[in-house]
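Here is a short report for a reader meeting this structure for the first time. Keep the model in view as you read.

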Amino acid sequence: MESVIILIFIIGYLSITLEHPLKLDKTVPALIMASLMWAFLAVGFSKGWFNVVDGHENVFSALTGDHHTADEGFKNTLLHHLGKTAEILVFLIGAMTIVEIIDLHRGFEVLKTAVRTRSKKKLLWIIGILAFILSAIIDNLTATIVLITLLRKLISNRNERLWFAGLVVIAANAGGAWSPIGDVTTTMLWIANKVSVGGLVQTLVIPSLLCFIVPFAIAMYLPAFKGDIEVEELDQDEEAGRLLSSKTMLFLGLGMIVSVPVFKTLTHLPPYMGMMLALGVVWLVSEYIHPEEDFSKERRHLYSAHKALSRIEISSILFFLGILMAVAALETLVYGTIGGEQVGTLRYLAEVLQAAIPNEDVVVALLGVFSAIIDNVPLVAASIGMYGDVPLDADLWHAIAFAAGTGGSMLIIGSAAGVAAMGMEKIDFIWYLKKISWLAAVGFLVGYIYLVIMFSL
């Protein structure tokens, strides 16, 4: 029976990675996989075919004398994992809504004023720095979408624009790796109390900078970035593309998102509580601010939080729900015994992996490579289950955050930012592999080697 549950996970995981060839939204296999795994887990537990382990390493068996305790233990285990998953989902919904409110008020149009050059090299660095900083604040996916939209307004030649878009993916993923709100994987580690804000930033900001700067420094000397481009001049009255509320909502929204780690530090409450407060404040201001000079009640719905909520990708939220609950099922299923103690499947896998490859640095580097091929969210979720007893801010967690966050840049399908760029600019997989992948690989290796050396000192 254990093998059936693992087989469901493997088939579901393969379906997710083959999303494009199958032409099937990855949310579908994620939801089906999670539901079937927990269904088989419930049936198998009730029949006494196997035991389960909860989030506190307590083992429950249906074959014990107290069936009521065993049944309650199973239900509480499910609620425990659902609660942990819900923390991440509520956090993401809040962050995504704030970003959509900013976008409705055309706040990101303000960024266009930062671009005042025709030099390809200067533009490369301006866009790269914006991607690196923005991704640490509003996450790498949103930053990529914002900057590629900006590039479309600045560069009319698509072939030239593709190079900039490819480098944006590298910079956005590097920027998201050192921030607890910059990437879903770092957010997961932060909410799971594996990394702290201070520890993550202090440890990963330099490796992430290297991961961004080295590829850009190399790219400067490539033929694609020689010469000038025709950059559209901004109108004298920049309100043509912006609203009266654009600046206010941009700085308020970004400021409230940045305040979330501060809120957690001061109150010691989970991050999603801070994000709920941030969303409430931004929503409140959006209700009373006047985006236009002739603002009327009839046009209020165009800038409302209700419209922002309707623009959120609920399919992404449901995908995270499915994949995280599927990984939780593996974590719950008792698969073997370590030192006389029954442990879950992921913990057992961690012990086997450690025995096969004793060097943790190599294991985490492989995680970075695998994150370019398969989704990094389940990889990090599995890592949390495998190394659950490793303490807060251990070197392992920082290495995992960096590898999973930046390794995906090596393939266009290896990260949410890459997939977004691929969809917006129709970037060919092979083109990216030939032109951009080696730059991303160099950045990843330089950053990771620096990290390993820093850990050894």
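The expected span of a helix is 1.5 Å times one less than its number of residues. Helices are DSSP runs of H or I with at least four residues, strands are runs of E with at least two, and both are numbered from the N terminus.

## Ground rules

This is a predicted model, in which local features need pLDDT of at least 70 and side-chain atom pairs count only at pLDDT 80 or more, while totals for chains, interfaces and linings use all residues. Residues are numbered from 1 along each chain as its sequence is written, and side-chain values use heavy atoms, with hydrogens and water left out.

## Helix H6

Start with helix H6, which covers residues 140–154.

Buried means under 20% relative accessible area, exposed means over 50%, and partly exposed lies in between (1.4 Å probe, protein chains only). The buried residues of H6 include Asn-140, Ala-143, Val-146, Ile-148 and Leu-154. Helices H4 (67–104), H5 (120–138), H7 (158–177) and H18 (416–425) are among what covers them.

## Asn-173 in helix H7

Asn-173 lies in helix H7. Is Asn-173 buried or exposed? It is buried, because its relative accessible area is 1%. Contact means heavy atoms within 4.5 Å. Leaving aside neighbours within four places in sequence, Asn-173 is in contact with Asn-140, Gly-405, Thr-406, Gly-408, Ser-409, Ser-415 and Ala-417.

With Ser-415, the side chain of Asn-173 makes a polar contact of 3.0 Å. Such a contact is a pair of N or O atoms within 3.5 Å; within protein, one must be able to donate a hydrogen and the other to accept it, and residues adjacent in sequence count only if both atoms are side-chain atoms.

## Salt bridges

Side chains of opposite charge can pair when their charged atoms come close. A salt bridge is a side-chain nitrogen of Lys or Arg within 4 Å of a carboxyl oxygen of Asp or Glu. How many salt bridges does a search of the whole structure find? It finds six. One joins Asp-71 and Lys-75, with the closest N and O atoms 3.5 Å apart. Both residues lie in helix H4, four residues apart, about one turn of the helix. Asp-71 is partly exposed at 35%, and Lys-75 is partly exposed at 43%.

Other pairs reach across the sequence. Arg-311 and Glu-100 meet in a salt bridge of 3.1 Å, N to O. Arg-311 lies in the loop between helix H12 (305–310) and helix H13 (314–332) and Glu-100 in helix H4, so this pair ties together parts that are 211 residues apart in sequence. Arg-311 is partly exposed at 34%, whereas Glu-100 is buried at 18%. Glu-100, Asp-103 and Arg-311 are linked in a network of salt bridges.

H6 returns in the next pair. The side chains of Arg-152 and Glu-425 form a salt bridge of 3.2 Å, N to O. Arg-152 lies in helix H6 and Glu-425 in helix H18, so the pair ties together parts that are 273 residues apart in sequence. Arg-152 is partly exposed at 41%; Glu-425 is buried at 3%.

## Two loop residues

Lys-23 sits in the loop between helix H2 (19–22) and H3. Its phi is near 55 degrees, a positive value in a residue other than glycine. Lys-23 counts as exposed because its relative accessibility is 75%.

Asp-393 is in the loop between helix H16 (376–386) and helix H17 (395–407). Its phi is near 60 degrees, again a positive value in a residue other than glycine. At 24% relative accessibility, Asp-393 is partly exposed.

## Val-197 in helix H9

Val-197 is in helix H9, residues 197–219. Its relative accessibility of 23% makes it partly exposed. Leaving aside neighbours within four places in sequence, Val-197 is in contact with Pro-180, Trp-190 and Pro-261. Pro-223 is 26 residues from Val-197 in sequence and 40 Å from it in space, C-alpha to C-alpha.
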